[in-house]
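Here is a short walk through one structure. Take the paragraphs in order and keep the 3D view open beside them.

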Amino acid sequence: MNLFADIRALVIDSVAALQSEGALPEGLGLDAITVEPPRDPLHGDMATNAAMVLAKPARQKPRDIAEALAGKLMADPRVTSAEVAGPGFLNLRLDPAVWQAVPRAILQTGTGYGRSVMGQGTKVNVEYVSANPTGPMHVGHARGAIVGDAMASLLAYAGYEVTREYYINDGGGQVDTLARSVYLRYLEAHGREVEFADGTYPGDYLVPVGAALKEKVGDAWLDQPEEVWLAELRGFATDAMMELIRADLAALGVQMDVFFSEKSLYGTGRIEEAIDSLKAKDLIYWGTLPKPKGKADDDWEEREQWLFRSTAFGDDEDRPVQKADGAWAYFAPDIAYHFDKVSRGFDLLINIFGADHGGYVKRLKAVVQAYTNGRVDLDIKLLQLVKLYKNGEPFKMSKRAGTFVTLRDVVEMVGADVARFHMLTRKSDAPLDFDFDKVVEQSKENPVFYVQYAHARICSVLRKAADEGWATDDATLSGGDLGTLGHEAELGLIRKLADWPRQVEIAARTHEPHRIATYLSELAADLHGLWNRGNDDLSLRFLQDTEAASQPKLALARAVAVVISAGLGILGVTPVEEMR
RNA sequence: GCACCCAUAGCUCAGCUGGAUAGAGCGCUGCCCUCCGAAGGCAGAGGUCAAAGGUUCGAAUCCUUUUGGGUGCGCCA
């Protein structure tokens, strides 16, 4: 059930009726017609811009169209008034019974209330995290993991067919660095003195990997040149790192469907195939790049190489696909990787990247556009930095001093639920402050707590009701007469509930899961507001003297809890039943 | 130098494919527990939506320019 969609459908039908009567011309575009809650509740329950949108193409005055539309809409039993206002808004009021049906519908459908079919089974691939397999994940990866996971859940809830995917960068030179670092730890495990030079990873997390290597190969690789062990150690080391990363993701509650290995593209001809197909379209050519301007030109030398013509797609420079030594640059396997995604039948690709990948966006979009002739859309979300605080003081992170904050640190300090919700309170292109103390604070400034508290309060009321021996199951609560839910404060809360499916669609359409967190905070505020109204007005309390009088109010409260559960479910957060 | 992102209340931020008098929390002022959890709520003060143009019946939202901040710019991934 989606009340706003229902009423919008009614508006569209009414426009069609006017068209068939000749009052409006045929062939009008109706997509821009919206039905929204008015900013000011005094304007009514819902407002539509239909008359204003249609005025120009229909060559009629907006208020005239609105008047005609009002007449049609009034014929529907759900609509009790339709007033033309301002430049041509049509403000609608609905029969209270329509609103009272909302909590009933929520209790009957459960957390599926708000699910949408807008995705229509569109196959979407959400690629996120994709952290290099060279060490444990840090706090920046955590934001990517959380936003990507919530994005995937949101789209699934909105009717898309979603695949969660991780691209493992296990093909490049950094893996050599990793392997050499593990080799040093391996020597150390054999009691040798080692030194971690620049260009190796000195982190402690490789100590057990070195020990495991000793277990596996014994002393066979001692005093051997790289040719003997490097190739095999690459695989051994990345496997160990991916195990670490999977465990980190699991600690956050993130589960991937696909781990795609960059390495798996090498030696199969697929990179060459992808490059050739772009050459055939004259999008990859042999040429030289201009010297970058305004940058220190220390050792720049002009060189001919294979270049991707990304300037044809609005990029400011063409991009090389090969390194100086003839090996593929990172970009080449990534082209093949995105071709692979397309070939797996995805209609929409979403990549969640860190802000430092900003320069990469245009060329990657260009690749997908070129390959699919624009059929498949690639949306890239760039996540801004997470700024860490402790007690309001910036929390310094330094890899050199070994004080960088890992994802695991965050989960252990504040818990996965708190980390997840908080990371989703800001849109992705805004930087995010994360204060280890504030995010666990139990006060209304902390949205995680605020929403959880609303849910716990409702659970508390239902427990009290159950203590009275009253029925609190959804079927009984929704089965009774909800006609007494007529107070403005109660109807206001119901309107908020009715807005949930709409917010889901907006969030899914814009690929912005943070809107779910924002909505939940607003819903919680409305719940707390109504709750306190009960201090002054006993008739607004959820618990009344009799079971019969309480039942509609409990149904409303329970409906709020269901929607909070649904929303938290999308965010991957567990609703709590009591605060401790 | 160029590209991308950002700029909304004193502070931190929401703001719907453009819609009516721009919202919330913190902070400030004043209130509300004999009462389902006050871990909460109500009311008040606080705004040139960075600036200037443009498109539109209508702009915080779209376009252009400017200013300020962040990120990136062949042989890292």
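**Around the RNA**

Start with RNA strand B, which is surrounded by 71 residues. The closest are Gln442, Lys444, Arg457, Arg502 and Arg541. A residue counts as near a molecule or strand if one of its heavy atoms lies within 4 Å of it. Of the atoms of RNA strand B that come within 4 Å of the protein, 57% belong to sugar and phosphate.

A word on how to read these values. This is a predicted model, where local features need pLDDT of at least 70 and side-chain atom pairs count only at pLDDT 80 or more, while totals for chains, interfaces and linings use all residues. Residues are numbered from 1 along each chain as its sequence is written, chains are lettered from A and ligands numbered from 1 in the order in which they are written, and side-chain values use heavy atoms, with hydrogens and water left out.

Which classes of residue make up the surface near RNA strand B? It has 28 charged, 23 nonpolar and 20 polar residues. Here Asp, Glu, Lys and Arg count as charged; Ala, Val, Leu, Ile, Met, Phe, Trp, Tyr, Cys and Pro count as nonpolar; the others, Gly among them, count as polar.

Several elements contribute to this surface. At least two residues each come from α2 (50-58), β4 (89-94), α14 (447-467), α17 (500-510) and α18 (514-536). Helix α18 gives the most, with eight residues. Helices (H or I, at least four residues) and strands (E, at least two) are DSSP runs, numbered from the N terminus.

A polar side-chain atom of Ser460 lies 2.7 Å from one. For Lys56, a polar side-chain atom lies 3.3 Å from a phosphate oxygen. Lys427 uses its backbone instead: an N or O atom there lies 3.2 Å from a phosphate oxygen.

**Salt bridges**

How many salt bridges does a search of the whole structure find? It finds 28. A salt bridge is a side-chain nitrogen of Lys or Arg within 4 Å of a carboxyl oxygen of Asp or Glu.

Take Glu522 and Lys496. They form a salt bridge, with the closest N and O atoms 2.8 Å apart. The pair links distant parts of the chain: Glu522 sits in helix α18 and Lys496 in helix α16 (residues 488-498), 26 residues apart. Glu522 is partly exposed, at 36% relative accessible area. Lys496 counts as buried, at 17%. Buried means under 20% relative accessible area, exposed over 50%, and partly exposed in between (1.4 Å probe, protein chains only).

Another pair is Lys341 and Glu127, whose closest N and O atoms are 2.8 Å apart in a salt bridge. Lys341 belongs to helix α10 and Glu127 to strand β5 (residues 123-127), 214 residues apart. Lys341 and Glu127 are both buried. Elsewhere, salt bridges link Glu165, Arg270, Asp340 and Arg344 in a network.

**His338 in helix α10**

Helix α10 (residues 331-343) also holds His338. Is His338 buried or exposed? His338 counts as buried because its relative accessible area is 1%. Leaving aside neighbours within four places in sequence, His338 is in contact (heavy atoms within 4.5 Å) with Glu127, Leu349, Asn351, Leu364 and Val368. His338 and Val368 are 30 residues apart in sequence, yet their C-alpha atoms are 6.9 Å apart in space.

**A loop with two aspartates**

Asp315 is found in the loop between β9 (304-308) and β10 (319-320). Asp315 counts as buried, at 7% relative accessibility. A polar contact of 3.0 Å joins the side chains of Asp315 and Arg319. Such a contact is a pair of N or O atoms within 3.5 Å; within protein, one must be able to donate a hydrogen and the other to accept it, and residues adjacent in sequence count only if both atoms are side-chain atoms. Leaving aside neighbours within four places in sequence, Asp315 is in contact with Ser310, Lys362 and Arg363.

Arg319 also forms a salt bridge with Asp316, the closest N and O atoms being 3.5 Å apart. Asp316 is exposed, at 63%, whereas Arg319 is buried, at 14%.
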